[in-house]
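Dear colleague,

Please find the structure below. My notes on selected parts of it follow.

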Amino acid sequence: MVFALIVGLGTFLVYQQRVSTQRGEDGRSRLLATYSAEAAKQDPGQAALIALGAYAVSPTDEARNAVLRRYDQFKNAAWVLTGAEGSIRDVAMSVDGSVTLATTENGRATLFVRQARGRVQRLQLDLDEMAFHPLVSRDGGRIALVSGAGALVRYDVDVAATAARGLLGPPQPLRGAEFEEISDAMGWAGEEDRMLALSPDAGQLVTLVEGRLTLWDLATGRRQDVPGRLPVTSESVWFGPDGNTLVVSRSGTGVSELVMDAVDVRTGKARELADGVHGGAMYGSPTPLSGDGGVLVVCRRVEKGDDTVGVYRALRVRDGRTLKSYTYTGPNDDCGSIAVDESGDRFAVNRYEGWEVVGTRRGSRTTRSETSSPDLVVGRLLGETSRPVVPVVAEGDNHVAALPLIPRDIDGSDIAVGSPRLVGGGKYLVAHLRELDEPGKGETLALVDAASGRTVTEVKRPASGAVADRDVEHDLLVNDAGTLVADVVGSDRVLIRDIPSLREVAEVTTQEPPVDRSGAPEGLTLTFLRGGDELLTRSGSRIEHWDARTGRRLSPVIDARALGLTKKDPPRFGAGRPAAVDSGFAVNRHAEKGYVQITVAREPVLHAVHLRTGKENKDLRVRLGPRIERAIRDSGGRYAAAKSPGGMLELWSTPTGERPARLVGPLGPLGSNERFTGDGFVFSFTGTDGEFFVANGGSVRFQQLSDSDALQTYDFAADQYFLAASPDGRTLLRTLSGGAFGGGNGDRGRLDLIHLDPELWKRHLCAVVGRDLTADERGGLPSGLPEGICPA
């Protein structure tokens, strides 16, 4: 007896110890998640590492959401450089993008070196004065900047250093009146003004002050003025393909116009390369050179009818020859930011969220992609031809992000219907597409790679299928298996196609739908039954049952209005004041095989009607709360998701033979926030033991209805606009537009696929941030952080 008591007590103490340990880990995890949110304001890369550490300590909701927000911020970046001490003002970068020097609005300077396998070394330059005008040599082996005291300070860089403290050699100052004037000018000069530049071999420096060009030998400190004098309106200078050629910009005759000259440093002779160059680009320098200095790309605004378009030219600096001329005629067709690759074989042009990558060689093609809008384009066009990236800084940001310019065939503006469907576990998207700028081309039904936006297969839709006022929720439907898609192509026609080939397998012609006073027909609605090979159509109040693979009718037509489901039938489509927007009947599949669920508008009863007999089974009736308008049930019939007035959502228990009970809600309102109202949300049962998800506003909620404590939420930093979800709710399609990463805000914009997978988030964040927490960073955080959050 005593022994049993001792054993029982020991077991209890072990259990209590485990509970205490878990509570302690949960507490540290939540505390670190709070630290991550604070750190994100100054260093989002560090914040991501802290969040990952918090999640490793214990996967609390707070830690998971901290990781999600950082992942969402950097999701569409190839790599990021974070930790600049303030809002970035200016950035210089080596030709290959491996060495970056950034200065901030408050005069701080930070060096970043990207090494093998994407690892990043970061060093804050410990300067006594403010730092301006960063310079990086083409090979990254030397950096320089202008100090607030009016001196040029340069350093040699060891790009292979294994620790940040070994990156730089000792500072080598160079003084002169020109540097003092450049320092004084920093208060009013723009980010695009380049008043000094390093030579191709970084052995010389050129300054441009008041039209005077001066060469400086960095080994000896000797200076030499270039013969002659340029106009005082000269603004910026770069080295061309060699140490004897400079490229200089000066003000032109028109507003915001520049003239580009090539200057021979030996004679001072200037040769005009281009005039009328637009100098007022919104996002970065409008006059970039290729990495080797051999190709200059400029943009000129040209009147074309009633519009002004941007005409870009790639010019060979050596002789001024035009290698490529390209006219941008897309949205906001004017001159924008430009990034050129190392050799001048490609350049990218930007207008707001749109990018065009243009090849300068004969026969090369132009590709279009979309990203978030940059505030400053800070580097070359990097990466391979198939996967170009461009480094940018978003407005007010304290980090550099490399944006992949991946071509896309579609974006949110091309989706003609508001409810596309995800298939293949979220890998593909089925949607109606149309060209908004070419409406005469009609619509297509397309299978699209959801991650890349590239069209895999598409077929032309009949002209009768392009309906302006459509029921976006029901005119395109995919079965549960993702093998068939039903497409409404007319007022009474449905085409059923195979997935992924989109080959037509059947066509059905339904009962003629009712029309309103103007003669417009009510839209058809579609419902696939479980199993996926049987289709229900509703035309007005009439329900038809079809074999989806052959188009054969399987049951007699059921007229819901003739069933006597309610004492008073709803008004007919188009009748009444205000006019009824539909016939008042909703059709859903039923848990019992051979039955269809029918609900009547503003009636809280779910009716079960046998498809072959057309009779209601009153024993299967389910009566929900009095305010319920519509409802769907899970596959087992145990639970229901119901809509109540005001766009609210309720979850109910509906077991056969028992009184229904509300379990959760009301939740919502659905699709309503400060940016959009009434749509941009998705919800469904997942098919796993009563699990339900709703993606709405700024969160995705998973509720296990069989266990009231099993609730999981994914909270974003901003409201989202969700278009579709995979059956398990863990893959979501949304649109992004305007602003930085991670802000979905409307039914027009860039398509973006996001997976709710913390392991995926960790792999991506470790890859793009490229480093781990330093000892100094760990010293300012609570104890218990795991070692090697992002191991090399």
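**Surroundings of S234**

Leaving aside neighbours within four places in sequence, S234 is in contact with L208, V248, S249 and R250, where contact means heavy atoms within 4.5 Å. This is a predicted model, in which local features need pLDDT of at least 70 and side-chain atom pairs count only at pLDDT 80 or more, while totals for chains, interfaces and linings use all residues. Residues are numbered from 1 along each chain as its sequence is written, and side-chain values use heavy atoms, with hydrogens and water left out.

S234 belongs to strand 14 (residues 234-239); strands here are DSSP runs of E with at least two residues, numbered from the N terminus. S234 counts as buried because its relative accessibility is 11%, buried meaning under 20% relative accessible area with a 1.4 Å probe, protein chains only. The side chain of S234 also reaches the backbone oxygen of P231 at 2.8 Å.

**Surroundings of I628**

I628 is found in the loop between strand 43 (622-623) and strand 44 (630-633). With a relative accessibility of 3%, I628 counts as buried. Its contacts, neighbours within four places in sequence left aside, include R602, P604, K643 and W652. The C-alpha atoms of I628 and A641 are separated by 10.0 Å, the two residues being 13 apart along the chain.

An open antiparallel sheet is formed by 3 strands in the order 52-53-54; two strands pair if DSSP finds at least two bridges between them. Strand 52 (721-725) and strand 54 (750-755) stand at the edges with a single partner strand each, so one side of each has no neighbour in the sheet. Strand 52 is joined to strand 53 (residues 731-736) by 4 bridges, and A724 has L733 in strand 53 as its bridge partner.

With kind regards

Note on methods
Buried means under 20% relative accessible area, exposed over 50%, partly exposed in between (1.4 Å probe, protein chains only). A polar contact is a pair of N or O atoms within 3.5 Å; within protein, one must be able to donate a hydrogen and the other to accept it, and residues adjacent in sequence count only if both atoms are side-chain atoms.
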